[in-house]
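Dear colleague,

Please find below the structure that I am handing over to you, followed by an account of what was found in it. I would be grateful if you read the text with the structure open beside it.

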Amino acid sequence: MKVLTRRRFLQTAAIAAAAPAAVVVAAPAEAAETRTKRRYAMLIDLRKCVGCESCTIACKAENNVGVDSSWRRSRRIFWNQVLYEEVEGPKPDFRFLPRPCNHCENPPCVRVCPVGATYKDEERGLVLQDYSRCIGCRYCMQACPYLARSFNWEHPTFPHADRAEGAAFSATAGGFNPLVPVRPKGVVEKCVFCIHRIRVAEAKAKKEGRELRDGDVQPACVATCLAQARVFGDLNDPESRISKLLTEYDDRVFRLLEDFGTEPKVFYIPEA
Amino acid sequence: MATMDGALLRPIARSGWGFYLLFGLLLAAFAALAVLYARLYVEGHQVTGLGNESATWGITVANIVHLIAISHVGIAISAVVRLLDIRQMKYFARIAEMITIVALPTAVLNIAMDVGRPERFIVNAFWFGRWQSPMVWSMTVITVYFTASAIYLYLALRRDLALCAEKVSQRRWLYKLLALGYTDTEQERRTHERVLWWLALIILPIMVSVHSVYGMIFGVTAAKAGWYNPLQAPYFVLGAIVSGFAALILIAALLAKVFGWRDYMAPLAFRRLGIFLGFVTFLYIYFYTSEIIVGMYGFPKAENDVAHSIVLGRFSWLFWPNVFVGYLLPFALLLVVFVSRTWGRILSLTPVIIAAALLLVATWIGRFLIVVPTYFEPRLPYQIQPYSPTAFEWSVTLLSYAFAATFFVVLLKLIPALEFPQGPAPELRKGLTLRLPFQEVSPGVKNAIVALTVLLGTSLIAQGLYAAVTGPDRPEGGASAMWVIGLLILLTLPLSLCLIRAKPAAASIEGAPEELSPPAPYERNP
């Protein structure tokens, strides 16, 4: 986080003095369809999903999400959540829909955040969280139509993890993932498409002097899925598996609450 | 004059056992609030009834909206008195301003109790504020409104503080200090009247914007059915006028009863307030009815479900009694007061007070019904948990009113709640109050100070807005601080105009600033 330095103040003053009338609203640059900017997205094949919720559990383990010690469902934090719908009628059925954060291209949560604690990472096409800036007003939670966000109503507890001192730095990391911060109470959190895994893959690719390849990065939910129902990739890469699948299933693929205009990036292949 | 002075100074000069008892109770309540808040801070919001797949904003947010609404009445009455020259309401003005000064910090206290990170919300919203967020608009306008109201109250008070320095023996040092060299000359009175006239005019749109912005916080949230509505801004402002006037009637009636101020706050004046309240209540009922009808007819399923849940579903047990006893009954009472020849002639305060009390509670419940029902009609198949505010949550929400009452009682003790009458100037001994060295300057210096203030303030605002609008979507910090500080600097203008006296040059006109025109009506001898 950069503080307003004197240099920036003077620069701003100079610009302001030079162009008094032309205050141009610089809209954030449209996500250019170039190879250098990525648009990470996810495709979930609902024909394959069996509702085992391994993705949910893997996500919680990967991202140091506190285990809900209380019986209250309203204290639970889900980054990925499997929604259930009972189909009544002549052929009763159960439908499952795993719902991570949609990482919308037009995110309503980012628009309303008063401090910029949730923000759009234009480089990767993700909506990320800054827990140190979050004031816990929960306005983003009101704005998200998918209810994909969770608030920390209490200090997270990890009864399963080794809480001995220095455990986080031990070989097993004491049950914590050292790449992911543990959030304090009072802040909002949500799925970030395992940005830490993306950064690790980027660093590795840079070290090897190459571009990131499709398949280099797999968020925890994608890697864990028993039925391999989830695909993760870059929409800006026409050769990526997700782009090819989207083209193949273009006639039936859907997104949640499409008419809202949020342009979510989680696509679903419906059951037959 | 002696009896009038006695009546006006009664709360300041004497403290009976009743006061000590009340103040003791209030302090105990305040201490209880502090303890509860500490627990909330340490344990987190798990002690409330809110939840992730449930209501995430609850009675505390409804309370915030309610308190901000009540805070409107200050400038509403002051503007009516000063701009429209409705002398009859004169004695309500300062009480209304005090309500504003007390309600706004209580609202901020409630905000502090609602956000997850109270230790950083003010600093972060101030420094990293995003201009696109309605919450930052609310931070800006509340800061400006509170500061402007405080400055307005102070400048209107200044003469009375100087008079208190003369007449009241306790805390004389405080009044001497606060009056800051007021000399009660004809010139000074005129300057104050002019500045206050313009300040009242400027604060009026700020007041409208404060609650409009709160309406916008809900109105722009398309994700929540029932909130998304372009008319939330005027709807909230109407509700604010209802709440504010209801609160004023109740508090003023109570003070008039306790301190025997019936001569100054005549039943006729209360009747007028009541009639105005009835009119605004009618408008509010009109808006509310149209919301319900459109919601019930609405086709977006979620919108329909929310309206349905309020009118016929899980909230109907609260909605219908609120409509009948909370809105329609008070409106009927006030209509009768207005219309009936027999009943209206009874200049009794009782129907007006009952109506005001009912409306104050009804608007609180109305805000609850705006905030909470939408959570139970999600657009995706979630299992929404019921929201039942815990005793803890009720306690902190209601005890915040104890904070407000404590603050109000302290203000009552310190400053005269009614205006002293004005005789021909000057009525004060010269040199009675403390005067600081910068307060006597040459006209050129005073004009320079004024010009500098305007320049600095406007340039900071422009800079801040420019930096915000052209900067990154995620602010690096400082832009919002610039525009807020710019606004606050501009608000010191009334202070410098009134507090700093230009020493009259030998042959030139007194250094009253010429840019204040047209001349405003000022107090004549009563």
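**Strands of chain A**

In S8(A), A:Arg230 is the bridge partner of A:Ile44. Please note that the model is a predicted one. The two strands concerned are S1, residues 40–45 of chain A, and S8(A), which pair in the antiparallel sense over five bridges.

Strand S8, residues 230–234 of chain A, is mostly covered, as five of its five residues are buried. A:Arg230, A:Phe232 and A:Asp234 point one way from S8(A), while A:Val231 and A:Gly233 point the other way. The residues of both groups are buried.

Another antiparallel pair in chain A is made by strand S2 (residues 81–87) and strand S3 (residues 93–99), which seven bridges join. Here A:Gln81 has A:Arg99 in S3(A) as its bridge partner. S2(A) and S3(A) form a hairpin with five residues between them, and A:Gly89 in the turn has a positive phi of about 120°.

**Where chain B meets chain A**

The contact between the chains involves 62 residues of chain B and 62 residues of chain A. About 5200 Å² of area is buried between chain B and chain A, and carbon and sulfur atoms give 57% of it. Of the area that chain B buries against chain A, B:Asn52, B:Tyr466 and B:Arg474 supply 14%, more than any other three residues.

Two salt bridges are counted between chain B and chain A. In one of them, the side chains of B:Arg474 and A:Asp130 meet at 2.3 Å, N to O. This pair crosses between chains: B:Arg474 lies in the loop between helix H17 (443–470) and helix H18 (479–499) of chain B, and A:Asp130 lies in the loop between strand S5 (126–129) and helix H4 (139–143) of chain A. B:Arg474 has a relative accessible area of 24% and is therefore partly exposed, whereas A:Asp130, with 16%, is buried. The charged end of B:Arg474 also sits over the ring of A:Tyr119, 4.3 Å from its centre.

A salt bridge also brings together the side chains of B:Asp114 and A:Arg138, at 2.9 Å, N to O. The charged end of A:Arg138 sits over the ring of A:Phe151, 4.8 Å from the ring centre.

**Salt bridges within the chains**

Over all chains, the count comes to 27 salt bridges. One of these is formed by A:Glu239 with A:Lys244, whose closest N and O atoms are 4.0 Å apart. A:Glu239 is exposed, with a relative accessible area of 56%, and A:Lys244 is partly exposed, with 47%.

In chain B, B:Glu119 forms a salt bridge with B:Arg117, the closest N and O atoms being 3.2 Å apart. Which of these two partners is buried and which is partly exposed? B:Arg117 is buried, with a relative accessible area of 13%, while B:Glu119 is partly exposed, with 40%. Salt bridges also build a network in chain A: A:Arg38, A:Asp121, A:Arg124 and A:Glu202 are joined into one by salt bridges that share partners.

**Aromatic pairs and a buried threonine**

The structure holds 36 aromatic pairs over all chains. One of them is the tilted pair of B:Tyr284 and B:Tyr327, at 5.4 Å centre to centre and with 45° between the planes. B:Tyr284 belongs to helix H11 (residues 267–297) and B:Tyr327 to helix H13 (residues 316–339) of chain B, so the pair ties together parts that are 43 residues apart in sequence. Both tyrosines are buried: B:Tyr284 has a relative accessible area of 4%, and B:Tyr327 one of 2%.

Lastly, B:Thr140 is found in helix H7, residues 134–167 of chain B. What does B:Thr140 touch, not counting residues up to four places away in sequence? With that exclusion, B:Thr140 touches B:Trp483, B:Val484 and B:Leu487. A residue counts as buried under 20% relative accessible area, so B:Thr140, at 9% relative accessibility, is buried.

With kind regards

Technical notes: Residues are numbered from 1 along each chain as its sequence is written. Chains are lettered from A and ligands numbered from 1 in the order in which they are written. This is a predicted model: local features need pLDDT of at least 70, side-chain atom pairs count only at pLDDT 80 or more; totals for chains, interfaces and linings use all residues. Side-chain values use heavy atoms; hydrogens and water are left out. Rings of Phe, Tyr and Trp (its six-membered ring) pair if their centres lie within 6.5 Å; planes under 30 degrees apart count as stacked, over 60 as edge-to-face and the rest as tilted. Helices (H or I, at least four residues) and strands (E, at least two) are DSSP runs, numbered from the N terminus. Buried means under 20% relative accessible area, exposed over 50%, partly exposed in between (1.4 Å probe, protein chains only). A charge sits over a ring if NZ of Lys or CZ of Arg is within 6 Å of the ring centre and within 35 degrees of the ring normal. Two strands pair if DSSP finds at least two bridges between them. Contact means heavy atoms within 4.5 Å. Buried area is the accessible area (1.4 Å probe) that two parts lose on being put together, summed over both.
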